[in-house]
Amino acid sequence: MALKKFSRLWTLCLCLVASRSSKIPSITDPHFINDCVEAHNEWRGKVNPPAADMKYMIWDKGLAKVAQTWANQCKFEHSSCLDVSYGCYAALEFIGENIWLGGIKSFTPKWAITVWYNETQFYDFNSLSCSKVCGHYTQVVWANSVYLGCAVAACPDLGGASSVMFVCNYGPAGNFANMPPYTKGQSCSLCSKEERCVKNLCKNPFLKPLGKAPQQIDFSPFSLALLLLIIF
């Protein structure tokens with residue numbers, strides 16, 4: 001489905017930096033998940049001017065799987081499915097995407113997400129325009145993007161043996177042209193009745209993730225024998 005009325009401000013962020021730790025986290029690592037969610041929500045709650053309707057983000061395993069699939073491709077470009085209706089993820093018509101490239105030893109989710117957020121200096125809220133790259137920032141603070149999934153992959157061909165690509169996907173997608181990322185106003189003043197104000201964000205206690213990454217099944221000799229009996 002072509003978006004005739006909107007154009008997305010897809011941008012890439014190249015950050016080649018020096019290193020500290022060499023372990024690549026998985027999308028099931030609770031510390032990695034928490035770091036991604038917390039960093040996004042921290043910056044979303046600190047936008048200037050304040051946001052009246054900024055949603056509290058939650059982790060979505062399905063989006064994380066989408067992010068991992070694309071990160072594993074090690075292509076420093078946005079996925080071609082982003083502008084295709086339900087092309088990336090069956091649970092959402094369109095999703096957003098941010099990409100960071102750098103050294104694993106310096107990488108942390110908060111570092112990469114802060115780099116994206118710092119593009120705020122290039123964004124003019126009044127004119128809804130960027131003086132330099134700022135599409136990562138606007139996606140991070142897009143009020144209605146409430147679902148988040150991120151992943152990291154080793155990509156030695158994109159800069160060196162320690163290079164990694166960090167991908168975050170967002171749902172619903174943000175970065176529609178000529179639209180503000182959020183509504184200016186007193187923090188939480190436009191939260192719905194079921195939402196409560198948490199660190200300047202509208203948090204819905206009933207919001208649930210949309211999808212799950214496939215679960216691995218471990219077979220013991222007993223369970224395998226039982227399965228064979230059922231089949232035959």
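This is a predicted model: local features need pLDDT of at least 70, side-chain atom pairs count only at pLDDT 80 or more; totals for chains, interfaces and linings use all residues.
1. The largest nonpolar core has 59 residues, and among its members Phe107, Phe166 and Tyr182 touch the most others. Several elements each give two or more residues to this core: the helices α1 (30-44), α2 (61-71), α3 (109-117) and α4 (135-140), together with the strands β2 (58-59), β3 (96-103), β6 (147-154) and β7 (163-171). As background, nonpolar side chains in soluble globular proteins tend to be buried together.

2. Now pick out strand β6 and look at its surroundings. Seven of the eight residues of β6 are buried, so the strand is mostly covered. What does β6 pair with, and in which sense? With β2 the pairing is parallel, over two bridges; here Ile58 has Tyr147 of β6 as its bridge partner. With β7 the strand β6 runs antiparallel, and eight bridges join the two.

3. The side chain of Asn169 makes a polar contact with the side chain of Glu97, at 3.4 Å. Setting aside neighbours within four places in sequence, Asn169 is in contact with Leu63, Val66, Ala67, Ile95, Gly96, Glu97, Tyr147, Leu148 and Gly149.

4. Next come the cysteines. A disulfide is a covalent bond between the sulfur atoms of two cysteines. How many disulfides does a search of the whole structure find? There are six. If you number the bonded cysteines of the protein chain in sequence order, they pair as 1-7, 2-3, 4-5, 6-8, 9-11 and 10-12. Cys36, by contrast, is in no disulfide; the nearest cysteine sulfur belongs to Cys150, 4.0 Å away. With a relative accessibility of 0%, Cys36 counts as buried.

5. Cys150 and Cys168 are bonded, with their sulfur atoms 2.1 Å apart. This pair links distant parts of the chain: Cys150 lies in strand β6 and Cys168 in strand β7, 18 residues apart. The torsion about their S-S bond is about 105 degrees, which means that the disulfide is right-handed. Cys150 is buried, with a relative accessible area of 0%, and Cys168 is also buried at 0%.

6. Look next at the disulfide between Cys130 and Cys134, where the S to S distance is 1.8 Å. Is this link left-handed or right-handed? The torsion about the S-S bond is about -40 degrees, so the disulfide is left-handed.

7. Finally, a disulfide joins Cys191 to Cys202, with an S to S distance of 2.0 Å. The link is left-handed, with -85 degrees about the S-S bond. Where do its ends sit? Cys191 is in the loop between β7 and β8 (196-198), and Cys202 is in strand β9 (residues 201-203), so the pair, eleven residues apart, links distant parts of the chain. Both Cys191 and Cys202 are buried.

Notes: Residues are numbered from 1 along each chain as its sequence is written. Side-chain values use heavy atoms; hydrogens and water are left out. A nonpolar core is a set of buried Ala, Val, Leu, Ile, Met, Phe, Trp, Tyr and Cys residues joined through side-chain atoms within 4.5 Å. Buried means under 20% relative accessible area, exposed over 50%, partly exposed in between (1.4 Å probe, protein chains only). Helices (H or I, at least four residues) and strands (E, at least two) are DSSP runs, numbered from the N terminus. Two strands pair if DSSP finds at least two bridges between them. A polar contact is a pair of N or O atoms within 3.5 Å; within protein, one must be able to donate a hydrogen and the other to accept it, and residues adjacent in sequence count only if both atoms are side-chain atoms. Contact means heavy atoms within 4.5 Å. A disulfide is a pair of cysteine sulfur atoms within 2.5 Å.
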